[in-house]
Amino acid sequence: MESPITNKVKKLPIKVMLSFLIMTEVLFFIAPQNWRINNYELVTLFFLVVNVALWLGYNAGIKSRRANRPSGSVNLNIVKWIILLSVPAMMFQIYSSFGTVSLSSVAASVRAGLSDAGEAYYGRSGGGDGGGVNMFNFMINMLFSPLVYCSFTLGVYYFKKLEKKIRIVLIFLIALELSRWFAIGVRKGVMDMIIIISAAYIAGNSQLINNRVLFGKIKLGVGIMVGLFVAYFLISNLSRHAQDSFVDAAASYNVTGFYQNLPRAMVYPLYSICSYLCQGYYALAKALEVGFIYPDLLATNFFTINVAERFGLNPIENSYISILYNRFNIDPFVNWHSIYVWLANGFTFLGVPVFIYIVGYLFGKMWIHVVRGNSLIAVPFFVILTQMIFYFFANNQIFSFSFPVIAVLIFLYYVKIRI
């Protein structure tokens, strides 16, 4: 008979994600930026509603009858072959990004990207990953992306049970994936890998959550990764703005009140972090000021917008995204809008909490699956939902940039395919 899942284990993911989201929401109100918001009360109410919707959905999900069925055995050979088949897929992605599969050339590009992230970021249009999309490469990478994503998540989840040579292959794949993002100075790709590794590892070691000492070590490891990422984020920001120090970078920031008393070296990190995490909420506040628009489901993410454009349609034209750009100069290719604005394009702001409830429901359901180990496909499904919720402050990230991955995972789960 299986031992019951403790309440601490059941509630850990939603507590972590809601804590992060609430932190970003609080930062929005106390940030050094002057957001010029006229409807703080409405924004606060909206935050409360969507947070409660996520919480209620999650709690319904962890009680799902299907998720709580007894554990089953897993054929690790399937995981092994997913990882092995991801090697040629990853090498194709490396070739698409760098124009070569030479590891020495890749390493040189990574060193250059780390030494001058700004140059790598702004100069990427001249490389293989940037300007001018090769449609063949794009389509092949889209087809490969679910396979590669499953190799990362399942590999980390079952890491301790895999053969040593398969572990080495997995580490090699992760290193290659990180190299693609370091080489072009794109922080989001690095953050994605931190989320993937952390979520999959904790899911695969959920029994340690009840062990204060061992779980403390896991939290320390995640904290170190996040700390290193924050340092990389700030240093790469200096490079992007052609600044030599935090003091020089903060010279153009006109802060008031409490922030005037801080050392100038602290102003720039705070300003940069708050801008990154909170600018989407500024767009949200302005969209709430706009009020109701006619909904269009095609305008909820970049993926469906790009597909629609190929058929001569322009769903973004009358969306909040277009209105915010024309009225407030909030550029969708420069600024975050938050997932809430994107969803409101298709569901209206009244429908957004319903969508968030469904996300919470699936998130809770997949967590119970991965804790019980009774659904192989639930592992990547849980991790990608973790990414989705993490980026609520930014954009509809998963449906915009990982549409094939989540579409395949939803399909496999709900047609009851056991891989």
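Residues are numbered from 1 along each chain as its sequence is written, and side-chain values use heavy atoms, with hydrogens and water left out. Because the model is predicted, local features need pLDDT of at least 70 and side-chain atom pairs count only at pLDDT 80 or more, whereas totals for chains, interfaces and linings use all residues.

Rolling a probe the size of a water molecule over the atoms shows where empty space is left. On a 1 Å grid over the protein atoms alone, a pocket is an open set of points where a 1.4 Å probe fits, with protein on both sides within 12 Å along at least five of seven lines, and its lining residues have an atom within 4 Å of a point. Grid points are joined across faces, edges and corners, and the volume is the space filled by probe spheres set on the points. The second largest pocket holds about 920 Å³ of space, and its lining is made up of 32 residues, of which V16, F20, V222, V226 and F390 lie nearest its centre. Two or more lining residues come from each of helix 1 (7-30), helix 8 (187-204), helix 9 (212-240), helix 11 (264-290), helix 14 (338-372) and helix 15 (378-390), where helices are DSSP runs (H or I, at least four residues) numbered from the N terminus. By class, 28 of the lining residues are nonpolar, 3 are polar and 1 is charged; here Ala, Val, Leu, Ile, Met, Phe, Trp, Tyr, Cys and Pro count as nonpolar, Asp, Glu, Lys and Arg as charged, and the others, Gly among them, as polar.

A pair of aromatic rings is described by the distance of the centres and the angle of the planes. Rings of Phe, Tyr and Trp (its six-membered ring) pair if their centres lie within 6.5 Å, and planes under 30 degrees apart count as stacked, over 60 as edge-to-face and the rest as tilted. The whole structure contains 35 such aromatic pairs. In one of them, the ring centres of F28 and Y281 are 5.9 Å apart and the planes stand at 75°, so the arrangement is edge-to-face. Since F28 belongs to helix 1 and Y281 to helix 11, this pair ties together parts that are 253 residues apart in sequence, and both residues are buried. The rings of F29 and F47, with centres 6.0 Å apart and planes at 75°, are also edge-to-face. This pair ties helix 1, which holds F29, to helix 2 (residues 40-62), which holds F47, across 18 residues of sequence; F29 is partly exposed at 33% relative accessibility, whereas F47 is buried at 3%. Ring pairs also link F20, F229, F233, Y276, W336, F390, Y391 and F393 into a cluster.

Charged groups lie over some of the rings, a charge being counted if NZ of Lys or CZ of Arg is within 6 Å of the ring centre and within 35 degrees of the ring normal. The charged end of K188 sits over the ring of Y391, at 5.0 Å from its centre, and R167 lies over the face of F159, at 5.2 Å from the ring centre.

Most residues other than glycine have a negative phi, and most peptide bonds are trans. N329, which is not a glycine, has a positive phi near 60°; N329 is placed in the loop between helix 13 (320-328) and helix 14 and is exposed at 57% relative accessibility. T348, also not a glycine, has a positive phi of about 65°, but T348 lies in helix 14 and counts as buried at 16%.

Finally, separation along the chain can be set beside separation in space. V110, in helix 4 (residues 103-115), is 73 residues from A183 in sequence, with 4.2 Å between their C-alpha atoms. G57, in helix 2, is 62 residues from E119 along the chain, and their C-alpha atoms are separated by 44 Å.

Definitions and conventions. Buried < 20%, exposed > 50% of the residue type's maximum accessible area, 1.4 Å probe, protein only.
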